[in-house]
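Let us take a friendly walk through a structure made of two chains. Have the sequence and the 3D view at hand as you read.

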2 protein chains.
Amino acid sequence: MTGDLHVPVDALRGFIAGALASGGLPEADAETVARLMVAADLLGAEGHGIFRLPRYLARLRAGGFNTRPDIRVIVGKGGLALIDGDNAMGHLVMERAALLAVELARAHGIAWVGTRRSNHAGAAGVYATMVAEAGLAGLYLAVGNANHMAPWGGRELLLSTNPISVAIPAEGHPVLLDMATTVAAYGKVKLAAQRGQTMPEGWMIDAEGKPLTDPALAAGGSLLPIGGPKGFGLSLVFGLLAGTLNGAAFGRDVIDFNADDRTETNTGQAILALDLSILGDSTALQAAVTEVCDDIRQSPLRPGFDAIRIPGDRSLGGRAERQAQGIPLSPGLLTQLDQVAASCSISPLPR
Amino acid sequence: MTGDLHVPVDALRGFIAGALASGGLPEADAETVARLMVAADLLGAEGHGIFRLPRYLARLRAGGFNTRPDIRVIVGKGGLALIDGDNAMGHLVMERAALLAVELARAHGIAWVGTRRSNHAGAAGVYATMVAEAGLAGLYLAVGNANHMAPWGGRELLLSTNPISVAIPAEGHPVLLDMATTVAAYGKVKLAAQRGQTMPEGWMIDAEGKPLTDPALAAGGSLLPIGGPKGFGLSLVFGLLAGTLNGAAFGRDVIDFNADDRTETNTGQAILALDLSILGDSTALQAAVTEVCDDIRQSPLRPGFDAIRIPGDRSLGGRAERQAQGIPLSPGLLTQLDQVAASCSISPLPR
């Protein structure tokens, strides 16, 4: 956007780590979380990177995170494991889960690692990509951290945007899908409200089921699932797999972590890793994936489109450029981050 | 529908098995396929049960299926296996895959079984349910057997309705999601054409991207994915996971099995099984799943709805009634099946 400042990624990482450390996180953990938050920004997942710092910091200061957690595997068999995050910051729990999934999949062909007592871990795509960059196929599911969606036919907000991310190794960069099961993420609603814009029909409905286009009235309304009952079904089964089966919160017991900085969220996630080198020659399989994607990319356009993009072409395909040019931050976010700097007694981001 | 005849399931099974055996399938295989086709009808998946018999029979007679297949595991490690279906009827391949996934998951916690050189296997939900009724959570992905969808922004039909099915054990019956990644299945388009009805906007677009509502013009058009680019992304990654990584067809090499009865389809599928008894006490986990679902079912309705249904409430929840009352068949389908009976020299379905 016009007016955005591009901040070098090293400066961002240092800033985030400094702020989190001042909030009580041990230095090594602060650096890990900073790296994973900036990894979201590097994918262009602007709602899941440094944008979240003020919120995380508020929870850290309120004692909502355990800063000395014992993140551990509590049960497991073969390729299946369940991690208790001990209420650590979610990034720490999920990096552990993703790395364990890769390790278990290399030993057992396929692995599934669930988490309980985790927290918001930023961009789903960061963890699926971690698996794909180790050469395996990755699939990530999570229970979202606030219920903004009613069940299909209902009006009580019992579901979240429960996302799915799938990453599949290919030549160049992996295919990377990272999507909410709702038409719009709630962050886009908040952004529209901040900018005084109306929302397009199809994002939300009110309690009567009528289209809701004024983001100022969003509080009582529901995000709409993609494909109506289908998206509701996806959100439900992803929530059961990532939450309920792991002993994590889902449904009525989900804590709105934007409204409540203290109560443990008991967030659940799940990550799958598949060692495709067992199915065939890895190089040949990556070439086959690339061929399917290139056929699609190079197929004829329909009017109104300038390109056919494969999931990942913008996020992973744009990562090197973001790395080189820095992460664009809006003036509003910069002001918030200056306040963070002042409250943490750290240097503000460089201009 | 008015005019539908309810046919007892035993009669249906016998009829299908007789027809397939007359087409050259060994008796035991014909009975297995018949059982799995009727299992689709018992779920109310009317487009995937006996409705498919004339098509399967045509392919059988044309030599498009291998009636003496050697269905075998060609590679595997731990919980991961790849089955070569040897161009058998897909039901035979997928039942083998689902049972193997359950067996491997019991040994390794989690299992993933892929298939190549399989064929159309009927309703996705049948195989996910097989896993859930063994007490495990199941997830099934498949490459659809005809490309009816263009990529997002494109006009060439390079993708299918690539479905997902997820089944999770619960009290009563499992949660069962079974959905295409398109707004409407192509079968619904054909049904609208047959009945001379127009389609609602949102099902299909023409090559220019304009809404297509006349099903007679469907041939050049594209089904629309749920959630626009999101559904395209889901269809793509499900196709890569179920097809490309298994060495099966996906993209330009998919054979339209409705138009071509001879060419091997090299269909790919994948099924995951997760032994939830490793994550916790199975009974307690099923109770937790049921509690989340009951909270949703019992939450307040919005206007225009008479109930909130959890995926599976109609399909598995209605199975006992369909079992007792028989499967409803339309007069048009009955006429086709009478022709099948005549051509196979078997008794027609009882009236």
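Two residues are said to be in contact if their C-beta atoms, placed from the backbone, lie within 7 Å. In chain A, residues 24 or more positions apart account for 65% of the contacts with a separation of 6 or more. This is a predicted model, in which local features need pLDDT of at least 70 and side-chain atom pairs count only at pLDDT 80 or more, while totals for chains, interfaces and linings use all residues. Residues are numbered from 1 along each chain as its sequence is written, and chains are lettered from A and ligands numbered from 1 in the order in which they are written.

**Chain A as a whole**

Chain A holds ten helices and twelve strands; helices (H or I, at least four residues) and strands (E, at least two) are DSSP runs, numbered from the N terminus. The C-alpha atoms of chain A fill a box of roughly 55 × 50 × 45 Å along the principal axes. Of its 351 residues, 58% count as buried, meaning that 20 or more other C-beta atoms, placed from the backbone, lie within 10 Å of the residue's own.

**A closer look at one strand**

How many residues of β3(A) are buried? Five of the five, residues 80-84, are. In a regular strand the side chains alternate between the two faces of the sheet. On one side of β3(A) sit A:Leu80, A:Leu82 and A:Asp84, on the other A:Ala81 and A:Ile83, and all are buried.

| Partner of β3(A) | Bridges | Direction | Example of bridge partners |
|---|---|---|---|
| β2(A), residues 72-77 | five | antiparallel | A:Val73 and A:Ile83 |
| β4(A), residues 110-118 | five | parallel | A:Leu80 and A:Trp112 |

Two residues lie between the strands in the hairpin of β2(A) and β3(A), where A:Gly78 takes a positive phi near 55°.

**Where the chains meet**

Chain A and chain B each give 68 residues to the contact. On the chain B side, α7(B) supplies the largest share, seven residues.

Definitions and conventions: A residue is buried if 20 or more other C-beta atoms lie within 10 Å of its own, exposed if 12 or fewer, and partly exposed in between; C-beta atoms are placed from the backbone. Two strands pair if DSSP finds at least two bridges between them.
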